[in-house]
Amino acid sequence: MTALWTPSRRGLLQAALAAGCVPAFLRHADAATEPLFRLGVASGSPRADGVVLWTRLLGDALPAEVAVQWEVAEDEGFKTIVARGTEQAEPGTAHSVHAEPSGLRPDRWYWYRFRALGQESAAGRTRTTPAADARPASLRFSIASCQRWDHGEYAAWSDMAKQDLDLVLFLGDYIYESATAIDGKAPRRHAGGACHTLDDYRARYAQYKSDPRLQAMHAKAPWILIWDDHEVQNDWAGDVSEDLAPDFHQRRIAAAQAYWEHQPFPASMRPKGVDIVLSHRVDWGRLARLITIDDRSWRDQQVCPKPGRAGSNTVNVKDCPDLLNPRRTLLGAPQEQWLRDSWDATRPWNLLAQQTLMTRFNAQDPAKGPGRYWTDGWDGYPFARERLLRDLASRRVPNAVVLGGDVHANYVADLKLDWNDEKAAVLASEFCGTSISSAGREQSQVDKALPFNPHIRYGRSDQRGYMRFELQAGRLDAELRSVQSPWDADSPSFSAARFVVEAGRPGPQPA
Ligand code: FE
Ligand code: CA
């Protein structure tokens with residue numbers, strides 16, 4: 001539905017009259033005096049000819065239906081408008097807006113903004129992808145994950161906003177569903193208790209999205225997002241919750257709905273019950289194929305949980321033989337097959353954006369036993385990992401790079417089939433980025449385990465930040481950006497390490 005841009009409130013009233021919704025509009029006239037766009041704007045799911053534009057109206061007395069106008073310009077001053085339209089925001093989707101301009105030109109930047117009830121949003125900047133057959137010189141992107149509100153401020157987003165990025169990949173834990181401990185000393189606290197209902201999750205997203213630094217990064221570039229556990233509940237696995245709650249399916253439905261409502265996802269991704277499709281392929285011209293997957297919705301339950309519970313554990317192989325059951329799956333059989341069909345050997349780079357650490361992380365000295373593993377990550381599904389890596393090798397996928405988060409630590413690693421053979425071929429490179437704010441484990445624990453895992457080139461759990469990348473046909477440059485003071489919203493950031501992957505030579509090298 002398209003409409004003329006009507007900047008005056010009188011014009012909007014006339015539009016409302018024409019649409020026959022005046023009574024509600026007048027009854028809720030106060031809504032027009034609240035800052036409606038205080039959750040900011042966002043864009044995402046970019047394609048060569050379009051992108052999704054997002055906002056959500058917030059107000060205590062919003063009319064049931066609000067016409068939200070949007071426009072897209074070729075310039076920051078909005079002189080050349082190339083697309084515009086109107087979306088109806090309504091309570092069934094939390095007055096969120098998911099506008100989908102089409103017919104945009106490939107590989108260029110655009111600016112967008114919204115207007116409703118006489119108010120105008122901040123302007124956002126976004127871009128389209130290069131055409132499928134184009135040969136772009138580069139792709140500049142970042143990976144980020146785990147922004148627990150009551151674990152730190154968001155200085156990392158401010159640092160990222162200073163980088164010149166085409167794309168942000170958010171790899172999970174956008175919100176945390178838990179309550180903040182009453183006796184805790186956290187300077188920032190979650191409002192309300194643990195999220196269970198749709199209203200709970202909506203309020204939690206509204207709290208996170210109130211942060212100006214997060215808003216600024218959303219307004220700077222398009223994002224592609226996948227979820228991990230905390231968008232729903234810690235350590236969930238399909239319909240199994242860590243506390244074995246019988247009503248978990250209902251909680252999943254609420255969490256999926258709120259997730260879709262609050263991110264720049266297209267209407268086609270709107271969840272059906274618990275199902276939301278997060279597995280996608282995005283081509284950056286001929287340079288790279290980006291593949292996103294969901295390792296939560298269809299996984300087998302974690303092996304050998306603690307008594308009376310589900311969820312993760314850390315186990316010795318000899319106490320938990322089921323760890324080595326080859327039939328266990330992290331992605332589910334249909335998604336495993338979809339991933340096999342998605343690798344593109346004709347493009348020089350394949351990027352796999354997924355949730356967690358893929359490389360083997362053995363916490364036990366190999367001289368003292370067969371291994372000790374955390375069961376929530378790929379180490380809990382070792383044969384599923386082996387199937388994936390064997391498939392990569394047999395398809396001769398050039399330069400596969402696995403991107404992840406979840407573990408609140410920076411890990412840079414080689415991916416291979418035999419972890420115990422230092423001479424085994426490196427099949428792919430892994431960059432698992434640290435958390436924006438969520439606390440990590442003790443660095444001493446990581447330092448103790450690194451000698452048992454020589455394929456891990458770098459491991460730091462004491463850094464908060466993100467990873468920044470520049471991809472060219474011949475090389476991938478990675479920079480690990482870290483904030484100095486996680487509790488200082490204005491903390492400076494620094495470059496903690498740099499790596500490079502050269503095309504044709506799998507495995508990250510120090511740069
Ligand atoms: Fe996390
Ligand atoms: Ca997680």
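The protein exposes about 19800 Å², and carbon and sulfur atoms supply 51% of that. Those areas come from the Shrake-Rupley method with a 1.4 Å probe; for residues, only the protein chains shown count as cover.

Ground rules next. This is a predicted model, where local features need pLDDT of at least 70 and side-chain atom pairs count only at pLDDT 80 or more, while totals for chains, interfaces and linings use all residues. Residues are numbered from 1 along each chain as its sequence is written, chains are lettered from A and ligands numbered from 1 in the order in which they are written, and side-chain values use heavy atoms, with hydrogens and water left out.

Overall build. We have nine helices and 24 strands; these are DSSP runs, H or I of at least four residues for helices, E of at least two for strands, numbered from the N terminus. The radius of gyration is 23 Å, close to the 24 Å from the globule rule for 511 residues, so the protein is as compact as a globular protein of that length. That radius is taken over C-alpha atoms, and the rule is 2.2 Å times the number of residues to the power 0.38. The C-alpha trace spans about 80 × 55 × 45 Å along its principal axes. Buried residues make up 60% of the 511. Buried means under 20% relative accessible area, exposed over 50%, partly exposed in between, with a 1.4 Å probe and protein chains only.

Now the domains. The assignment gives domain 1 (33–127) and domain 2 (139–510); such bounds come from an automatic or database assignment. Their centres, over C-alpha atoms, are 29 Å apart.

On to the metals. Which residues coordinate the calcium ion (ligand 2)? Asp-173, Asp-228, Asp-229 and Asp-406, each through OD, at 2.1 to 2.6 Å. Donors are N, O and S atoms within 2.8 Å of the metal, or 3.2 Å for Na, K and Ca; water is not among the atoms, so sites may look incomplete. Asp-173 also bridges to the iron ion (ligand 1), 3.6 Å from the calcium ion. Asp-229 sits in the loop between β11 (223–225) and α6, and Asp-406 in the loop between β17 (400–404) and β18 (410–416), so this pair ties together parts 177 residues apart in sequence. Asp-229 and Asp-406 are both buried.
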